[in-house]
Amino acid sequence: MKTIAVYSVKGGVGKTTTAVNLAFAAAGSGSTLLWDLDPQGSATYLMQVKPKLRGGAQALVTGQTPVRGAVRRSAWETLDVLPADTTYRQLELTLDGAKKSERRVELTLGALDGDYEYVVLDCPPGSSVLARNVLRAADLVVVPLVPSPLVLRSLDQVLELVDDGDRPPRVLAFLTQVDRRKKAHREVAAELPVQRSQVADVAVPAAVVVERMGDHRAPLGSFAASTPAGLAYAELWRQVEKAARKPARH
Ligand SMILES: Nc1ncnc2c1ncn2[C@@H]1O[C@H](COP(=O)(O)OP(=O)(O)OP(=O)(O)O)[C@@H](O)[C@H]1O
Ligand SMILES: [Mg+2]
């Protein structure tokens with residue numbers, strides 16, 4: 001079982017979009033679970049799953065609710081969802097008070113070992129105890145970067161947090177929401193993968209079709225696979241799969 005966390009300290013960069021599209025692509029390689037860890041429940045919504053977590057997030061991460069009972073089938077074969085509901089709002093407090101507070105996500109996933117080839121985590125932004133849980137549980141952290149003058153800062157923030165942990169996962173960043181009409185975007189998309197070894201040479205364009213995932217409530221691969229954004233996510237998955245198979249850094 002390989003755990004892939006889509007994570008950034010920053011909000012609104014495309015984490016959920018990426019988690020849903022990578023999970024769909026992963027399901028083409030092997031059975032996959034998408035775990036929505038965000039009380040907003042956007043990934044749950046996009047996957048057409050009811051935002052109801054039996055027993056709530058607290059009971060799930062403390063082991064009181066068996067994780068298998070909380071998993072839901074999605075409309076797509078080999079792709080299951082662990083949905084989020086509003087109980088995730090209290091998760092920070094729960095984790096803070098729990099034993100092994102930074103390992104609750106890892107231990108919860110441990111109960112699933114063998115059920116899935118891939119687990120994709122969709123995380124809320126921030127650098128709280130939930131983020132430390134997610135980084136601890138992950139084999140690979142995928143970081144969406146939006147071109148801006150501060151783009152390197154958002155990558156470095158993640159790298160710092162990752163290296164803070166005692167079991168640092170690999171990091172694969174990539175550019176998204178790239179508008180090729182803008183010179184600054186074209187420059188960042190050309191230079192960053194050369195400058196920084198963690199940045200994949202794949203850029204997801206800014207595209208209306210990505211926003212339409214919300215109307216379709218579906219991953220790009222299911223309704224727009226051959227658009228530039230759909231193809232970019234397919235290529236990103238190939239690189240993610242390869243990186244996830246490399247031996248761990250720890
Ligand atoms: N490549 C893209 N082109 C156009 N719009 C995009 C693209 N990627 C993401 N978006 C849009 O940007 C918005 C934010 O994306 P998303 O919800 O995936 O970000 P997030 O990082 O998960 O946000 P949050 O921090 O709130 O969880 C959404 O409306 C989404 O449709
Ligand atoms: Mg999100």
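The report below goes from the overall fold to the ligand and its surroundings.

## Overall fold

This is a predicted model, and the secondary structure of the protein comes to 13 helices and 8 strands. Along the principal axes, the C-alpha trace spans about 50 × 40 × 30 Å. Because a compact globule with 250 residues would have a radius of gyration near 18 Å, the 17 Å of the protein agrees with such a globule.

## Where the ligand sits

Ligand 1 sits in the largest pocket, where 18 residues surround it, the closest being Gly-12, Lys-15, Thr-16, Thr-17 and Pro-205. By class, this shell has 7 nonpolar, 8 polar and 3 charged residues.

Four elements, namely α1 (15-27), β7 (170-178), β8 (199-205) and α10 (208-211), each supply at least two residues of the shell around ligand 1. The largest share of that shell comes from α1, which gives 3 residues.

## Polar contacts and cover

On the nitrogen side, a backbone N or O atom of Ala-207 lies 3.0 Å from a nitrogen atom of ligand 1. Taken on its own, ligand 1 has 640 Å² of accessible area, of which the protein covers 77%.

Methods:
Residues numbered from 1 in each chain as written. Chains lettered and ligands numbered in written order. Predicted model: local features only at pLDDT ≥ 70, side-chain atom pairs only at ≥ 80, totals over all residues. Heavy atoms only, no water. Near = heavy atom within 4 Å. Polar contact = N/O pair within 3.5 Å; in protein donor to acceptor, adjacent residues only side chain to side chain. Areas by Shrake-Rupley, 256 points an atom, 1.4 Å probe, with all protein chains shown as cover. 1 Å grid on protein atoms, 1.4 Å probe; cavity = no way out; pocket = protein on both sides within 12 Å on 5 of 7 lines; lining within 4 Å. Sits in = over half its atoms within 2 Å of the grid points. Nonpolar A, V, L, I, M, F, W, Y, C, P; charged D, E, K, R; others polar. Rg over C-alpha atoms; globule rule 2.2 N^0.38 Å.
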